[in-house]
Amino acid sequence: WQRLNGTLLGALVYLPVGLLLGSFNSDMAMTITMWVLVIASLYGILVYLEHNYTIATACIMLLILTVSVGPFNPEMAELIFSQRVLFTVIGGAAMVALGVLIPLNEKEITA
């Protein structure tokens, strides 16, 4: 659930960011802003990965959309977002299935 929520949150954060990137008249201003967003996203991933997986995943999604789409493009954003959500759901279902097939006891979890 944390990964799915983070994916959705990252996409929501990207919407105004993508619109902002599209509003620049200067390629240099857009490039600088994109680099700032990339660095901020990477920092967020490093800081929150162990403490808040939802926020870390939101930073990952923001990074992916910022680099892959750049200025807001509805078709590209929808394509990348829908693929990411599909992969998240498939990965989550696989982990639940593995958890049912190979249950861990308490000793293995804490080790």
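Analyst: In what follows, Ala, Val, Leu, Ile, Met, Phe, Trp, Tyr, Cys and Pro count as nonpolar, Asp, Glu, Lys and Arg as charged, and the others, Gly among them, as polar. The model is predicted, so local features need pLDDT of at least 70 and side-chain atom pairs count only at pLDDT 80 or more, while totals for chains, interfaces and linings use all residues. Residues are numbered from 1 along each chain as its sequence is written, and side-chain values use heavy atoms, with hydrogens and water left out.

The lining of the largest pocket divides into five nonpolar, three polar and one charged residue, and consists of W1, R3, L4, T88, V89, G91, G92, M95 and V96. Helix α4 gives the most to this lining, with six residues, although α1 and α4 each supply at least two.

These two helices also pack against each other: α1 (residues 2-23) and α4 (residues 74-101) lie at an angle of about 170°, with their axes 10 Å apart. That makes α1 roughly antiparallel to α4, a label for angles over 145 degrees. On the α1 side, R3, L4, T7, L8, A11 and Y14 meet A77, F81, R84, V85 and T88 of α4, where contact means heavy atoms within 4.5 Å. The residues of this contact divide into seven nonpolar, two polar and two charged.

Within α1 sits T7, which is buried, with a relative accessible area of 0% (buried means under 20%). Leaving aside neighbours within four places in sequence, T7 is in contact with T57, M61, F81, R84, V85 and T88.

Key
Axes are lines fitted to C-alpha atoms, for helices over the stretch in contact, and angles run from 0 to 180 degrees between N-to-C directions. Helices (H or I, at least four residues) and strands (E, at least two) are DSSP runs, numbered from the N terminus. Angles under 35 degrees count as roughly parallel, over 145 as roughly antiparallel, 65 to 115 as roughly perpendicular and the rest as oblique. On a 1 Å grid over the protein atoms alone, a cavity is a set of points where a 1.4 Å probe fits but cannot get out, and a pocket is an open set with protein on both sides within 12 Å along at least five of seven lines; lining residues have an atom within 4 Å of a point. Buried means under 20% relative accessible area, exposed over 50%, partly exposed in between (1.4 Å probe, protein chains only).
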